[in-house]
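This report describes selected features of a structural model. Please consult the sequence and the coordinates alongside the text.

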Amino acid sequence: MQNPDLQALITTLQMAGLTTVILLILGTPLAWYLAKMTSRFKVVIEAVVALPLVLPPTVLGFYLLIAFSPEYLPGQLWQQATGQQLAFSFSAIVIGSVLYSLPFVVQPLQKAFEQLGDNLLEAGAVLGAGPFDRFFHIVLPLTKASFITAASLGFAHTVGEFGVILMIGGNIPGETRVLSIALFDHVEAFDYAKAHLLAISLLISSMILLSAVYLINLPKKHRNVNSVGADK
Amino acid sequence: MTTDDTCSTLPPESQKSFDNLLCLDINIHYENFRLALKQDIPLTGITGIFGHSGSGKSTLLRAIAGLEPKTQGQITLANKPLLNSNGALVLKSEQRGVGLVFQNSRLFPHLSVMKNLNFASKRCKNSTLTLNEIIELTGLTPLLNTPVTALSGGQQQRVALARAILAEPQLLLLDEPLSALDQQSKAQLLNLITTIQQRLSLPILYVSHSLDELQQVCDNLLVLTNNTAIMTKKSANEHSAFFGNIHHMIHQLTQRQYQAIDSTVQGNIIQPQTSLALPILSTNNGHGLAVISLQKQQILLPSSQLVFAEKITAERLVGQPLRCFILASDISICLTEPHNSSIVNQLQGTINNIKKDNTKVLLSIDCDAQEFFVSISAYSQNKLALKQGQSVFLQFKASAVRTFLN
């Protein structure tokens, strides 16, 4: 029989890992679009993206719970497509995490793209590089640090999620029982020894991850991009 | 009127003759800015684009390179349509075969010099140029592994120039390439640009707000003023008047200063001057003066003005044309041959034309079939009572003969 806390750890890593991958795939074009956008609607989209920063997680969780239930369209469509209920599933907590951690990935990327500007991209274009070529050989190498930051923050924030998961995932071992929920369980059961163990390991691993992020961003911070590529 | 037509309006069979033309018929409109231009530019040598800031010089280059999405109209490069808003054709920058060197080199900061050059050569389909050839031509061999952020401004522009050439464009655009450099780097880069143009027979459009710079290297000149190219005005004469041979254009601009009738010419766009390209007879006559020749007469100038072509030995400079200019205000007029003067240059000529402004007079004087401009005060004109056809002597110091170095 597997240690339930170890199982919760595995579920947590799976959820956070998958969420981070999805966020990078969806967040990069969204951040690019926002960085290049000049329309007035930009602020509206930015506000929507930033909403999870200020909204109580339970509010988001509550609406997602309703949307994911078989009585409503998203839940219905999911059930038709997969044959399984969406609410209280691993998929539900991944979707919830993607929405909840969206600003942590989109905002650093958007800022990096804005800072990079168009100068070097124009230079690339007149040298014969197409849009994807420019992205992979100019944008990506020059914003690498921001991508690492975005991925780390997205991952860490997803690991630390509680309210949304409690609302839409419940507490199913091996499916939706993640570390933060397991910790809550131990406290409820007055098993403070196990609670301490989980709490301190979450604290230390988050600390290490964040230190690594700040370390990556510390030394050169694209200083060079501005001195060579800046206009006038 | 056939010479006035752009290639886009002609039937296909007659397009053969446009192999060597850049045909522009464009309109760019922003809130406070409008550039309308219809001009064919021959794809030979270096064509300067001149005008004061805000006249749309850079915007024009960006439009040709495909970096101005709001450009309307037609652009055709050697029969290859780059833009045709009627036919909804907008070729992307990366497909135009047009190179652009920016004012601020825009090197990729994450790549070394070598990798910046590779970026261009890897994406080039023809690859008739070898990388080593260009590295040698631009003198970049010792810098190849240097991070581009460690380069000086002049070195950065050399890399940018090499990188642009390695993409093997059909047309190279230079947008104020010298403006951020010190005087010595300017002279070096200007020299390099001329060498590149000649070695690779690559047509170049060169934007600058400095006429000195353009005077040194350009074959032709296009003048833009007041957001509208002067020659887009109705008459065909004006059309031809503002695109043409560089020396001719400088003379046109000089004369225009004295006919303030044309409102499109705003203020003093240039200092009235004579622009010359004369063969060098001697680089040093023993007294630190170089000699260049008109048909029968000679002009002396300080040898230091020749430093521009520093890589060439003095002997090889002899016979080469030297480009120089003399400001109209630096020449004086004498009715009799001056014998007792420290002023070394004394040319005999005939007054061709006299143009009067309120306080100043511009004389156009023919010396050995070369037109010289002399500006004198209305007071002197009164005193000397100069007339058209009169024979006079021009006097100017050796140091009044200037090149870009001055």
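## A loop lysine in chain B

B:Lys92 is located in the loop that runs between strand 6 (89-90) and strand 7 (98-101) of chain B. Helices (H or I, at least four residues) and strands (E, at least two) are DSSP runs, numbered from the N terminus. With a relative accessibility of 47%, B:Lys92 counts as partly exposed; buried means under 20% relative accessible area, exposed over 50%, and partly exposed in between (1.4 Å probe, protein chains only). B:Lys92 and B:Leu82 are separated by 8.2 Å from C-alpha to C-alpha, and they stand ten residues apart in sequence.

## Basis of the model

This is a predicted model, in which local features need pLDDT of at least 70 and side-chain atom pairs count only at pLDDT 80 or more, while totals for chains, interfaces and linings use all residues. Residues are numbered from 1 along each chain as its sequence is written, chains are lettered from A and ligands numbered from 1 in the order in which they are written, and side-chain values use heavy atoms, with hydrogens and water left out.

## Chain B overall

Chain B contains ten helices and 22 strands. Of its 406 residues, 56% are buried. Among contacts (heavy atoms within 4.5 Å) in chain B between residues at least 6 apart in sequence, 68% join residues at least 24 apart.

Helix 1 (residues 57-65) of chain B is mostly covered, with eight of its nine residues buried. The buried residues include B:Lys57 and B:Arg62, as well as B:Leu60, B:Leu61 and B:Ile64. Just after helix 1 of chain B, B:Gly66 adopts a positive phi of about 85 degrees.

B:Ser293 belongs to strand 14 (residues 289-293) of chain B and, at 15% relative accessibility, counts as buried. Leaving aside residues up to four places away in sequence, B:Ser293 touches B:Leu278, B:Pro279, B:Leu281 and B:Gln298.

## Cysteines

A disulfide is a covalent bond between the sulfur atoms of two cysteines. The structure holds zero disulfides over all chains, a disulfide being counted as a pair of cysteine sulfur atoms within 2.5 Å. For B:Cys334, the closest cysteine sulfur is in B:Cys367, 13 Å away and therefore too far for a bond. B:Cys334 is partly exposed at 21% relative accessibility, whereas B:Cys23 is buried, with a relative accessible area of 3%.

## Helix packing in chain A

Helix 1 (residues 4-36) of chain A packs against helix 2 (residues 42-54) of chain A at an angle of about 145 degrees, and their axes are 10 Å apart. Axes are lines fitted to C-alpha atoms, for helices over the stretch in contact, and angles run from 0 to 180 degrees between N-to-C directions. The contact is made by A:Leu30, A:Tyr33, A:Leu34 and A:Ala35 of helix 1 and A:Lys42, A:Ile45, A:Glu46 and A:Val49 of helix 2. These residues comprise six nonpolar, no polar and two charged; Ala, Val, Leu, Ile, Met, Phe, Trp, Tyr, Cys and Pro count as nonpolar, Asp, Glu, Lys and Arg as charged, and the others, Gly among them, as polar.

Helix 1 of chain A also meets helix 8 (residues 144-159) of chain A, where the axes come within 9 Å and cross at roughly 140 degrees. Helix 1 of chain A is therefore oblique to helix 8 of chain A; angles under 35 degrees count as roughly parallel, over 145 as roughly antiparallel, 65 to 115 as roughly perpendicular and the rest as oblique. By class, this contact has eight nonpolar, seven polar and no charged residues.
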